[in-house]
Amino acid sequence: MTSVDTADERPAAMTGAQTAMEPPGAKNGMSGGGITGKLIQLVTSRLALSVGAQALVSGFHFALNLVLLRLVTPYDYGIFAFAFVLAMFASAINNALISTPLTVYTPIVKDPVERSRQEGMFSTLNLMLFIALVVCGFIYSGWSEQDASVTLSVALFVAIYSARHFSRSAGYARMRPLVTASGDATYVGTGIIVMLGVALWVDELSISHVLLALVAANLAAMLVERYRLHGSGRKWLTLAGISSYRDVWEQSRWALAGSLTTLFLAQAHSLIITATNGPNAYAPLAAGFVLFGPVRVALLTWQNMVKPELAVALSESRHLAVKKQIKTTSLLMAGAVLAMGVMLLILWPWIHAFLYADQYADKPMGLIVATWSIITLFAASYNAPAAALQAMRDFRVLAMASVYGAMLSGVLVSFTLYFFKPETTLLGILAAEAFMAVYLTRILHRRLQAVS
């Protein structure tokens, strides 16, 4: 399914005039305030603001999942959960080819005309990807045995989910997190209103109704974000040629390979189990992950916001400050996930009775949730190093790391599914996430040591 400024004496987004007034040593994060005090200030301000807005989205999705877990069959819930998996793959393509280049390349462009041209180019690519996803969905619905209303609603949801990812990134690229926050709030408000309207209008709520309601909510959020960035003029509709994208492609192709393989290593069980055993077998694993969905979204929110700021900090050679921030942030994130795991352990009897006792009483939900907790702990520990490597445009290293992780995940998931029950496939995901945590942390340490 995501801000912290660089751990320096000023936010990375400040202007050149402000930079000129910095005291000696500020470039290396050495001036009087100190790294720790600045980090605490940032965590309580911009990070709290941005993640707080995203928390509304996470809370909405969390509540929606709780309702669906209790109201729909495991088969229908499996379809709903798998629609989000497909949307994440589409969003990963968007992130690698369009959104990450937008947040990494455009913030350091000083000429307003050139920056506007680059933003128009990325907008054009975003529109092309949206159309391609919709067309693929319509083609699939033509020969699929699944109900056409379900396949078409899934296709529209996947396409708009990807497009919204770009819209959110546009606010981050301009270092205006309030724009994205307002879009998140609009998404939640519209989603609640539309969902309530649908629930009152139809006799029987279906998964297609839910997905179309989310499509409407995402569209409303995108309109608000575009309006806040560009006003009522036509600038937000401006497109541009994509011929200059060739230079970006040299790096983004590695980002694409990295994004898809990273997602596969975390979602191999979703694809393999659903393809071989069907939505019913996948549903318990998706149900167990519901508790950790908000955490994953918060991690992605932080990563998307911090990439442009890290890119600016690295371009100004503030490597020591970046290194300290990454280390501190990783420890904070891992500590938060560990505390959450302890809380779930204490509250487990009540959680199981409320969420899983009716539909999943015959499944080892305690084991599934415990495994997801450990998986999320490893994912949190390498979230910050991955953001730093993206800001350094070291996409090839990220791609190769995730290729290795995806191979490990795919092999172990297939092996455990063949010989054991579906819930054991999470061990393959756990092994891959642990590998990524160790590998990326070591790579980033070496890169920063080399340039310090």
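Is leucine 127 buried, partly exposed or exposed? Please also take me through the salt bridges of the structure.

Analyst: This is a predicted model, and leucine 127 in it is partly exposed, because its relative accessible area of 40% falls between the 20% under which a residue is buried and the 50% over which a residue is exposed. Leucine 127 is found in helix 4, which covers residues 112-143, and it belongs to a nonpolar surface patch together with Ile131, Val135, Ile139, Tyr140 and Trp143, the six residues having about 630 Å² of accessible area together.

Turning to the salt bridges, the structure holds three. One of them pairs aspartate 184 with arginine 164, with the closest N and O atoms 2.8 Å apart; since aspartate 184 lies in helix 6 (residues 177-201) and arginine 164 in helix 5, this pair ties together parts that are 20 residues apart in sequence. Arginine 164 also meets glutamate 225 in a salt bridge, at 2.6 Å from N to O, and because glutamate 225 lies in helix 7 (residues 207-230) and arginine 164 in helix 5, the parts tied together here are 61 residues apart in sequence. Arginine 168 forms a salt bridge with aspartate 184, the closest N and O atoms being 3.0 Å apart, and this pair links helix 5 to helix 6 across 16 residues. Through shared partners, the salt bridges join Arg164, Arg168, Asp184 and Glu225 into one network.

As for accessibility, aspartate 184 is buried at 1% relative accessible area, arginine 164 counts as buried at 5%, glutamate 225 counts as buried at 0%, and arginine 168 is buried at 8%.

How values were computed:
Residues numbered from 1 in each chain as written. Predicted model: local features only at pLDDT ≥ 70, side-chain atom pairs only at ≥ 80, totals over all residues. Heavy atoms only, no water. Patch = residues over 30% accessible without salt bridge, like charges linked within 9 Å, V, L, I, M, F, W, Y side chains within 5 Å. Areas by Shrake-Rupley, 256 points an atom, 1.4 Å probe, with all protein chains shown as cover. Salt bridge = Lys/Arg side-chain N within 4 Å of Asp/Glu carboxyl O. Helix = DSSP H or I, 4+ residues; strand = E, 2+ residues; numbered from the N terminus. Buried < 20%, exposed > 50% of the residue type's maximum accessible area, 1.4 Å probe, protein only.
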